[in-house]
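This briefing goes through one protein chain by topic. Please look at the sequence and the 3D structure first, then read the points below.

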Amino acid sequence: MGVGEDGARIGPGMFDADVVSFAHGEGVRRPFPGAIRKAVEALHDAQGAPIENYMFLRRFPDLEVEISKNFCRNGVPPEFAGNVVLDAGSTRLMVAALGLMSRGGAEVVTSPGFYHPLAGWCGYLDRPLHVLPTSRACAYKLRAQDLRDWLVRIRPATPPLLVLFNPTMTGAVYSQDELDDLGEVLVAADMLAIEDALFAGSEHDPDKTGGRLAASPAGERCLTVAGASKLHCLANLRIGWGCGPQWLIGALQDYVTSSAASIPHVAKAAALGALRAPALFSRRNVEECRRRIALVCDLVRGLDARLRTATRLNAPMVTVGHEVEAGHSVLLEFPCLAGHDLSDGGAPRDGADLTRLFLNEAKVAFAPALSHGFDGPRVRANVASIGTQFTYDASRVWEAREDDSWGEEQERAFDGGFARARDLISSTFAERIEPAVFRLLGQAPEVARSRRQRSAAAAFATGQGVAL
């Protein structure tokens, strides 16, 4: 964020006004106006939601019903979707679940594309984290055979805990067949699992939704986690939820209530309003993210072609890591910088180095893919939060009204703001990212590259050594 370990300023950061940030992970616009109205009404409701009372100790049945319906729509069987637990954000819920479900020395297993704080959570809890190698051919998803082979090789004394992200943070989606295969391995190894389904419902093809681990043979040993921060644009209110078998949800509910219960009722009221929003609202959010991902992919292909022409190299220069099927992020790879000596005498080793380079050279912030389990010069680009401010005027118009009706007229009001956001993405690539890459390559396309540089880029592009 532009500061060193001592807190001193060392360079640009993702929150700077002149930095274009592909690192933020919030919603594509403000939440559904009805969600905001519900929150405001809760603040004024002295009988139903008194601010002076410990409302977090009380259940909110209306919200739990809507959460259960949402889980069912996303493929969780009703017998698990009906058992609901809430906490102040999916992060807090997952940390609590990690502690409870990995007792007795269980280690944690995941694959590339995980949520970046997972490594920190495991560190705080003193749980070893294993990121199993995967490949581009399967969009870096964990295959049942990968897990089975690891179990045979490691032979853990205590059944490990699987933490699966579906969709992944880079937009890969598991099919039900893939999850069924994983579920069989979990049952055979007596393992428990957490499935982060925060991006469930954000599939770009509405007719091609993914599966759920809870619907696999391992359903009785799986916690499914979701929340309101992404699809429903309530990131700042910090509310998340989970479902699963009663034995697990009961234990987790006891832990949350006794140790960390802290969800203001206003957040629950807003979440209720968001979950009751017309499907058109969330579908438009997904469609806008899909358009932006497609735009970035086109921009990357154009940049790659120009770099190949300029450098007279036939190997890929800049690529998209895999097809994005859901969510708001895309994995970008820069094989042109693999093994390339920069002006300061060093070469970017991983996404952290690359993130630092783009901040300093272009004032563009990315998320280092290293923090998601990917090695090499890769970054994750989140497109949802780009230009959110351009949609505020349209949001305010509908928030000022007391009518929760929503249709094409309301959605058309956002066309201009969304278009400006896409224009900002295009201009950022043209005016910041592309010039920075050419500067990093020395602006000397006619200079022959060394054999080492050529082989490093070619090996990276073919997917060798692709994951930690």
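Residues 24 or more positions apart account for 75% of the contacts in the chain with a separation of 6 or more, where contact means heavy atoms within 4.5 Å. The model is predicted, and local features need pLDDT of at least 70, side-chain atom pairs count only at pLDDT 80 or more, and totals for chains, interfaces and linings use all residues. Residues are numbered from 1 along each chain as its sequence is written, and side-chain values use heavy atoms, with hydrogens and water left out.

**Overall make-up**

- The chain has 15 helices and 13 strands; these are DSSP runs numbered from the N terminus, with helices being H or I over at least four residues and strands being E over at least two.
- Of the 468 residues in the chain, 57% are buried. Buried means under 20% relative accessible area, exposed means over 50%, and partly exposed lies in between, with a 1.4 Å probe and protein chains only.

**Two packed helices**

- Two packed helices are described by the angle between their axes and the distance between the axes.
- Helix α4 (residues 90-101) packs with helix α8 (residues 246-259) at an angle of about 115 degrees, and their axes are 10 Å apart. The axes are lines fitted to C-alpha atoms, for helices over the stretch in contact, and angles run from 0 to 180 degrees between N-to-C directions.
- On the α4 side, the contact is made by Leu93, Ala96, Ala97, Leu100 and Met101. On the α8 side, Leu248, Ala251, Leu252, Tyr255 and Val256 take part.
- Which kinds of residue make up the contact of α4 with α8: nonpolar, polar or charged? Ten are nonpolar, none is polar and none is charged. Here Ala, Val, Leu, Ile, Met, Phe, Trp, Tyr, Cys and Pro count as nonpolar, Asp, Glu, Lys and Arg as charged, and the others, Gly among them, as polar.

**Aromatic rings**

- A pair of aromatic rings is described by the distance of the centres and the angle of the planes.
- Rings of Phe, Tyr and Trp (its six-membered ring) pair if their centres lie within 6.5 Å; planes under 30 degrees apart count as stacked, over 60 as edge-to-face and the rest as tilted. By this rule the structure has twelve aromatic pairs.
- The rings of tryptophan 398 and tryptophan 406 have centres 6.4 Å apart and planes at 75 degrees, so this pair is edge-to-face. Both tryptophan 398 and tryptophan 406 are buried.
- Tryptophan 406 also pairs with phenylalanine 414; their centres are 6.2 Å apart and their planes at 45 degrees, so the pair is tilted.
- Phenylalanine 414 counts as buried, at 2% relative accessibility, and tryptophan 406 has 13%.
- One aromatic cluster is formed by Phe32, Phe281, Trp398, Trp406, Phe414 and Phe418.

**Cysteines**

- A disulfide is a covalent bond between the sulfur atoms of two cysteines.
- How many disulfides does the structure hold? The number is zero, with a disulfide taken as a pair of cysteine sulfur atoms within 2.5 Å.
- Cysteine 289 is buried at a relative accessible area of 8%, and cysteine 122 is buried at 2%.
- Cysteine 233 lies in the loop between β7 (222-227) and β8 (240-243). Cysteine 233 is buried, with a relative accessible area of 9%, and has a positive phi of about 60 degrees although it is not a glycine.

**Other loop residues**

- Tyrosine 140 is not a glycine, yet has a positive phi of about 65 degrees. This tyrosine 140 lies in the loop between β4 (129-131) and α6 (144-154) and is buried at 0% relative accessibility.
- The peptide bond from asparagine 166 to proline 167 is cis, with omega near 0 degrees. Proline 167 belongs to the loop between β5 (161-165) and α7 (176-189).
- Histidine 372 is in the loop between β12 (367-368) and β13 (378-382), and is buried with a relative accessible area of 1%.
- Not counting residues up to four places away in sequence, histidine 372 touches Pro112, Gly113, Phe114, Tyr115, His116, Met169, Ala367 and Arg380.

**A glycine in a helix**

- Glycine 302 is found in helix α10 (residues 279-311) and is buried, at a relative accessible area of 18%.
- Glycine 302 and valine 318 are 16 residues apart in sequence, and their C-alpha atoms are 9.4 Å apart in space.
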